Amino acid sequence: MSLPQIFTAVRLHPPNSVSSKSKIVKHKYEDSNGVASGSFREAEDMYRRRIIVPTTCDGSRDLRQEQRPAQSNSLVVEPVKVDGIVMDYIEKMKSKELDIIKKRNAVIMKRDDRYMTFMSPSGKSVHAQFAREQFITLYQKIATGLQTRTYDCSQGIIAHCQAEFPELLITHKDERRLQLTGNFISLERFETFSNGSAQTYSHYQTPNKTKVNDTPYKQPVKQQKSIDQAKDEACPICLETLKISECTVLSKCKHRFCKDCLERAFHVKPTCPICGEIYGSLTGTQPKGGTMTVSSDRSSLPGYERYGTIIINYHIPSGYQGDEHPNPGMPYQGATRIAYLPYSTEGNKVLKLLQRAFDQRLTFTIGRSSTTGQNNVVTWNDIHHKTSRYGGPTCYGYPDPDYLKRVQDELKAKGID
């Protein structure tokens, strides 16, 4: 028998410095220490979430859990920090996708300077939370590899841009300067279309740490037929007729490009410029040296009563920021997190994907804590985890029947599927 089966009721005495107030476990107060009483699993969950207080390397106490507060009584969920250029593009070019998110979840989305906020007029913050997660997936998909280039253009080029390139966001800086925002292939096609009459003088690329192949995927012999078919085709990037000796056919999607054009595209983002099929792996800014430890027990999560529970323990030690972090050379505070998955087929699939995300340094980043306001700390990096067994979506727990699908969508946006 497992411990939860043997000990059906327990009492937990937290330290003096830790509040024992909890929405899950019933309490009574006998002295200055809070005494929590309830089931073994409830007490264990409270212990993991609220009492474990690791120490930093200098011996000071460090509340690394950074548990997000329950928002069941709040109309606003945690805002999302956004880039102004990316949001201008999304609001003007992807307005339909934004409207779908708003209508599907019946929420109000408001952009305020550097943040997007989500409010639920009905008072059900779970709807706002769902909208937030769907927005993050859309934002990540658009932001990775998005570029802005500014050109000196003739009046004739400006007049034809909108009709020829509807996928580009075109902004007039003045009578002769034009700012174009879009993906690599669209901007390359514009430069070919302008035939040298539009000269770029500034360039912006949205940040994305990517690990790309040194060269595009080498074609096996069996793909020679596909290469031969490219004889009379034009490269989608430069629009020049493809030459067999300089043609590359991507192995998964079979799209064809000039070798040099594809190499330039892959150095921006390791995906097919036409369909977005990924041919490399994204690498994040998660500090090195962390650990992801997996264990399990026989207890079940609400909504998954037939299965046990997968317990993930993350630990990122404190250290000093590198060149890819906001403040290179400055110290940052580490973090310890606990997350839960059902021990089901789909739960184990998500576990493997989360392991890949951790190995590619995508799970955490360094920034400002939305909970404490403290800067230079390890925070989640928009891959949502269930940090509680109970309480539903508003408490980042179960039951939440759509969670496993949503987190797979978030991972897929980062190239993990």
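Biologist: Is C395 buried or exposed?
Modeller: C395 is buried, with a relative accessible area of 19%. Buried means under 20% relative accessible area, exposed over 50%, and partly exposed in between, with a 1.4 Å probe and protein chains only.

Biologist: And what is the relative accessible area of C235?
Modeller: For C235 the value is 0%, so C235 is buried.

Biologist: How many disulfides are there?
Modeller: The search of the whole structure gives 0 disulfides, a disulfide being a pair of cysteine sulfur atoms within 2.5 Å. This is a predicted model, where local features need pLDDT of at least 70, side-chain atom pairs count only at pLDDT 80 or more, and totals for chains, interfaces and linings use all residues. Side-chain values use heavy atoms, without hydrogens and water, and residues are numbered from 1 along each chain as its sequence is written.

Biologist: Where is confidence highest and lowest?
Modeller: Mean pLDDT (the predictor's confidence in each residue, from 0 to 100) is highest in β16, at 97, and lowest in strand β11, residues 210–211, at 35. Strands are DSSP runs of E, at least two residues, numbered from the N terminus.

Biologist: What is the strand order in the open sheet of 3 strands?
Modeller: The order is β15-β16-β19, with antiparallel pairing; two strands pair if DSSP finds at least two bridges between them.

Biologist: Why is one side of β15 and of β19 left without a neighbour?
Modeller: β15 (291–297) and β19 (335–342) are at the edges and have a single partner strand each, so one side of each lacks a neighbour in the sheet.

Biologist: How many bridges pair β15 with β16?
Modeller: They pair over 7 bridges; T291 has H315 in β16 as its bridge partner.

Notes: Helices (H or I, at least four residues) and strands (E, at least two) are DSSP runs, numbered from the N terminus.
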